[in-house]
Amino acid sequence: MYSHGSESLIKQARDIQESELQKFYSRLLKLLQGKDLGHEAVDSLQRLHLILSATKFTRKLPLELHKKIFSLISSPSEQFQILGSSVLRETLPLSDQDVNYIQNNPSVLNSHVTGLLLAHASYTTVLTLFCAQLVRSLESRHSEALSHSQTYTLPILNSILTHRPECLTEEQVTILSKKLVDWLRYASITQAASPGGFFSGSRSRQPCPIAELDGTVSGDFFTVLCVGQGFTEDQWMNVHSFSILRNWLLTYHSVSNCNSASDAAARLQYSLSLSHSHSLSNDDRSVDGSVISIVSATSSSSRVLPPKERLREKSFQYCQRLIEQSDRKAQKKADSDLQKACLVEAVCILDTLCLEDCSLVYRAFPCIKALYGRLSSDLSHARVLLPVAQFYLNHGEMAAVDCECMWQLVFSRFPAELFNDPLLAHEFLRFVRQNIQNLPVKVPQYTRSFPNLLKFLAWDSPAMIDDFVDLLPSVVTTGTALELLHTLLDLPCLSATLVLQQRSVLFPITEPNTRCIKALDAFRNPTFRGFFLFLLRNEAGSGDTIDRLSVLHELLIESADWPRVVQCAQTVPVLLHIFFNTVLKVADEKLLAQLILVQLERSSLLLKVPNYMNEIHRVFSYHLLKLCKLHPSLVVDQSHELLDFAGTTSNVYNKEELYTHVVWVLGEYLSLSCDSRCSVRHITSCFEALEAVLFEITSSAPPPGGMCPNPRVITTLMSALAKLASRSHDLIPRVSLFLSKLRTVSRSGSVAWCSDDDDLVAIVTRGEELWSLLKTPGVAQSVLTPPPHVTKPQWHKDSNVAMPLRLQTLTSLMQPQ
């Protein structure tokens with residue numbers, strides 16, 4: 001987990017003696033009492049933090065040192081603020097003296113002080129008093145409050161309401177809602193007066209109006225997208241208010257108290273006044289009318305609303321104003337980025353408001369729809385369009401809006417063209433995870449879009465695997481299961497194809513020194529273009545997989561060691577486990593039978609990434625047993641295909657894990673007790689196929705360059721033959737003859753198929769146990785094929801009887817390890 005150097009430092013911190021620690025405290029205190037705190041003080045504080053955090057118990061610092069470190073939290077240097085708060089979080093809770101000092105000195109207020117208070121769970125009462133003090137400081141006039149207090153108070157309150165919303169009373173919430181309305185809607189619209197110089201005249205110091213991002217004079221109230229040479233304090237509070245607005249609404253407005261009779265009357269009065277205001281202008285009734293005209297017309301009517309309702313209305317107007325401002329051409333790139341960030345927040349706030357009050361949907365949708373129409377053609381606004389998509393998802397049905405174009409954009413173009421954008425990928429997958437219940441129901445193409453969604457994972461597997469662990473079950477249906485399984489197995493091929501696609505764009509002409517020269521030539525070759533187009537498809541439904549997969553794997557052979565491809569291959573086993581666990585809940589036996597066929601077919605058709613095939617075989621083996629245990633009839637249904645696989649001798653050497661489990665399944669479930677359709681012909685054909693393989697691998701040396709067969713394969717084959725023979729007694733002489741020959745050959749010492757003496761002894765021992773058991777066919781059948789769902793007689797449970805012990809031992813020996 002840690003590097004060797006880090007583990008050494010942690011060990012030193014844990015083993016430090018108390019005497020040495022006290023000396024270290026004294027040295028640190030002397031350093032902190034100096035005027036200039038340099039690198040030595042920083043190093044000492046970092047070491048102190050390591051000592052405090054490395055021990056299991058909480059230490060208590062000396063009083064003087066504690067006070068000195070506490071004073072660092074209000075230091076002008078943010079580095080010392082962070083170090084001081086980090087050290088104090090590892091100590092015992094703050095004393096009453098520290099808390100009183102914080103309350104009585106607003107100058108120490110900053111986010112680190114708040115974090116320190118929040119870190120100690122016993123301070124609910126203290127935080128309540130602290131919040132009361134903060135609210136009082138906001139209520140006071142600017143001349144009575146410290147200038148920095150107004151700047152820091154809202155961010156601190158935001159931290160408190162995020163972690164401890166119960167610390168604010170209903171009265172305080174009402175007061176702050178009123179203050180937020182004042183700051184959001186009624187901030188001054190003139191720039192702060194610039195300090196005058198010697199040559200500055202009174203005319204030059206006259207306050208100028210706030211401007212828009214395109215340089216024009218702002219025609220309405222101040223927002224975060226207004227620019228100027230300087231800003232007044234209430235304008236800064238406007239910015240801070242907008243930054244906490246969504247969190248505030250989600251925390252204190254999700255359970256609205258507007259169901260009371262008085263609030264209902266207020267809303268009715270407001271609606272009437274709003275209708276009267278809208279009747280003043282025909283432009284206000286148009287779908288794409290000016291936002292400013294609507295805002296101006298409704299600004300006075302909202303004063304009759306209760307505080308929370310009024311904040312909701314002013315927040316709505318503010319967001320509409322931001323959306324209108326986003327249409328202006330910013331003169332600086334930084335302002336353009338700010339526009340996008342504010343648009344995201346504005347649409348999210350509108351969505352929150354509409355979830356609280358559905359009547360706002362009809363007022364919000366025209367500007368949201370216009371915003372979508374303006375931005376949808378430019379994928380550089382993709383991150384802005386995701387909140388718009390969330391708005392469509394939540395309210396599109398209510399507003400009777402056709403969302404088809406939106407979903408085509410989000411689930412088709414975004415993943416296909418922006419899969420390599422890490423920020424978009426993170427936000428896109430967060431959008432999917434947040435709506436995992438609604439998307440399969442409200443968006444028909446969602447479950448078919450998994451080939452596109454998996455491009456995010458194929459490009460950046462380590463960062464995206466957690467997201468796909470959550471969302472993969474939502475795309476597993478009876479209609480998509482087969483194609484999804486093939487797609488997951490081909491995920492390393494998709495990763496290689498995306499790399500080739502990017503390099504093909506960056507390097508239009510193949511350079512001789514390019515590592516992927518063969519694969520890149522194949523990607524550009526029209527003959528193989530169909531392979532890559534299938535991997536890059538946007539939707540499912542065009543086919544389960546490629547007919548000539550071996551050709552594709554040969555073309556991509558040099559990509560097997562690319563880091564991106566190797567990382568992608570490592571995530572596939574995890575996703576396969578999730579896939580099989582999910583498909584069991586939705587699939588019928590017909591689909592499960594098809595999945596077994598895919599496992600057998602694809603066991604040899606995989607990209608040769610190091611260790612990839614072995615991991616896939618391990619997953620297949622586990623779930624093959626699970627499927628057959630839940631549905632034993634699948635073994636009879638697919639007996640022909642399973643026998644073909646088990647009867648191929650080469651599978652013993654290159655598919656050992658899967659082959660062993662297929663043999664065990666055939667021996668365990670090819671029985672009349674599991675399926676009434678199982679006939680003597682089924683048992684005999686299976687016996688002959690397994691007998692031929694066992695005879696071949698035990699009568700000859702392994703193929704050139706190959707290893708000897710695994711002893712587990714041989715013992716599993718012998719056990720399966722014994723089980724089948726116990727169900728058809730005519731086969732007992734054949735298996736007994738083989739087992740007796742096996743013992744004779746092993747004693748002669750000429751065994752080419754087993755290189756280890758201990759393994760040979762284990763194989764012969766298993767053979768002798770089975771041979772002894774088959775001498776009494778009736779007992780062999782009861783042991784090797786116990787009746788399903790039948791309560792065993794009492795003598796099976798008697799530990800004093802020798803026969804049950806032997807039966808239990810033999811049964812355990814015959815289970816695959």
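Q: How do the axes of helix α17 and helix α18 cross, and at what angle?
A: In this predicted model, the axes of α17, residues 382–395, and α18, residues 404–418, come within 10 Å and cross at roughly 150 degrees. Since angles over 145 degrees count as roughly antiparallel, that makes α17 roughly antiparallel to α18. The crossing in which α17 passes α18 is left-handed.

Q: Which residues of α17 meet which residues of α18?
A: From α17 come Ala382, Leu385, Leu386, Val388, Ala389, Tyr392 and Leu393, and these meet Met406, Trp407, Leu409, Val410, Phe414 and Leu418 in α18. Sorted by class, the contact of α17 with α18 has 13 nonpolar residues, with no polar and no charged ones.

Q: How many cavities of 30 Å³ or more are found in the whole structure, and what is the volume of the largest cavity?
A: The general idea is that rolling a probe the size of a water molecule over the atoms shows where empty space is left. Here, a search of the whole structure finds three cavities of 30 Å³ or more, and the largest cavity has a volume of about 80 Å³.

Q: Which residues line the largest cavity, and how do they divide by class?
A: The lining of the largest cavity consists of Pro451, His486, Thr487, Asp490, Leu491, Leu494, Phe534, Leu535, Arg537 and Asp544. The elements giving two or more residues to this lining are α23 (481–489), α24 (491–506) and α26 (529–535). By class, the lining residues of the largest cavity divide into five nonpolar, two polar and three charged.

Notes. Residues numbered from 1 in each chain as written. Predicted model: local features only at pLDDT ≥ 70, side-chain atom pairs only at ≥ 80, totals over all residues. Heavy atoms only, no water. Axes fitted to C-alpha atoms, helices over the stretch in contact; angles between N-to-C directions. Helix = DSSP H or I, 4+ residues; strand = E, 2+ residues; numbered from the N terminus. Parallel < 35°, antiparallel > 145°, perpendicular 65-115°, else oblique. Left-handed = near helix turned anticlockwise from the far one by under 90°. Contact = heavy atoms within 4.5 Å. Nonpolar A, V, L, I, M, F, W, Y, C, P; charged D, E, K, R; others polar. 1 Å grid on protein atoms, 1.4 Å probe; cavity = no way out; pocket = protein on both sides within 12 Å on 5 of 7 lines; lining within 4 Å. Points joined across faces, edges and corners; volume = space filled by probe spheres on them.
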